Amino acid sequence: MYKSEEPTQTITSNGFPSNNIENLHEHTAGEDIRSPLTRKFPRGYMKKRLEEIDPQYKNRAIQARQALAIEQSDFKPVSLATLRLRKGLTQHELAANIGTSQSHIAKIESGSLKVYLITAIKISQALEISLDELSRCIQLDQELSIKQIPVINI
C-alpha cells in the first residue's frame, strides 16, 4: 500500500502556508486593482483574499480578538473595546452590524463622542449586553479620554 505524499509547506511568521502568501496578490481578472498613486490595495481587499485562500483565517482572527479582550480585562476595567473584542468583532464589523461607520465606533470607544440612545441600544444588542453595562463602559472610556488630554498652563 502506497501513501500519497502531500506537499510540504513552510509556515510563515504570520501563520499562513508560504504558497498561499505567494498567491495573495494575484487577481483573477489580471488587472491591477491597486491605487495608481499609492500602489496600495483597496481597503479590506487583503483580508478578503486571506479569507478566500485560508478558510480558517477568520476563525483565528476571532479567537485572537477574544484572547486579547481577556488579556486586556486582566489589567484594566472593562471598556467598550474590550466588550467588542470579547465578541470577536472588529470595529468595522460592529459598525456594519449597527449601521454606522468604523470611524464612528472608534470615536465612541475613544470617549471623544457622545452616544445617542438609539446608537447605544444598537450597540448593546449587537454585543448582547445591557444598556447599564454599556453606559458604564462608555462613561469609563470618556473619563479615560479626559485624563489623556494634556493640560497646558498659560
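A salt bridge is a side-chain nitrogen of Lys or Arg within 4 Å of a carboxyl oxygen of Asp or Glu. The exercises below apply this term and a few others to a predicted model, in which local features need pLDDT of at least 70 and side-chain atom pairs count only at pLDDT 80 or more, while totals for chains, interfaces and linings use all residues. Residues are numbered from 1 along each chain as its sequence is written, and side-chain values use heavy atoms, with hydrogens and water left out.

**Exercise 1. The chain as a whole**

Task: Describe which elements the chain has and what share of its residues is buried.

Solution: Begin with the elements, which are DSSP runs numbered from the N terminus (helices are H or I, at least four residues; strands are E, at least two). The chain has eight helices and zero strands. Next, take burial, where buried means under 20% relative accessible area, exposed over 50%, and partly exposed in between, with a 1.4 Å probe and protein chains only. Of the 154 residues in the chain, 29% are buried. Finally, turn to contacts, meaning heavy atoms within 4.5 Å: among those between residues at least 6 apart in sequence, 45% join residues at least 24 apart.

**Exercise 2. A pair within one helix**

Task: Find the salt-bridge partner of Glu52, and state how the two residues are placed in helix α2.

Solution: The structure holds four salt bridges, and one of them joins Glu52 to Arg49, with the closest N and O atoms 2.8 Å apart. Both residues belong to helix α2 (residues 45-53), and because they are three residues apart there, about one helical turn separates them. Looking at accessibility, Glu52 is partly exposed at 47%, whereas Arg49 is buried at 14%.

**Exercise 3. Two further pairs**

Task: Work out which residues pair with Arg60 and Lys87, and describe how accessible the members of each pair are.

Solution: Start with Arg60, which forms a salt bridge with Asp54, the closest N and O atoms being 2.6 Å apart. Arg60 is partly exposed, with a relative accessible area of 33%, while Asp54 counts as buried at 10%.

Continue with Lys87, whose salt bridge is to Glu128, with 2.7 Å between the closest N and O atoms. This pair links distant parts of the chain, 41 residues apart: Lys87 lies in the loop between α4 (80-86) and α5 (91-98), and Glu128 in the loop between α7 (117-127) and α8 (131-148). Lys87 is partly exposed at 33% relative accessibility, whereas Glu128 is exposed at 65%.

**Exercise 4. Positive phi values**

Task: Examine the phi values of Arg39, Glu128 and Gly111.

Solution: As background, most residues other than glycine have a negative phi. Arg39, although not a glycine, has a positive phi of about 65 degrees; this residue is found in the loop between α1 (18-23) and α2 and is partly exposed, with a relative accessible area of 40%. Gly111, which follows α6, has a positive phi near 80 degrees.

**Exercise 5. The buried residues of α6**

Task: Decide where around the axis of α6 the buried residues Ile105, Ile108 and Glu109 lie.

Solution: First locate the three buried residues, Ile105, Ile108 and Glu109, in helix α6 (residues 102-110). They lie on the same side of α6, because they cover an arc of only 95 degrees around the axis, the arc being that of the directions from the helix axis to the C-beta atoms.
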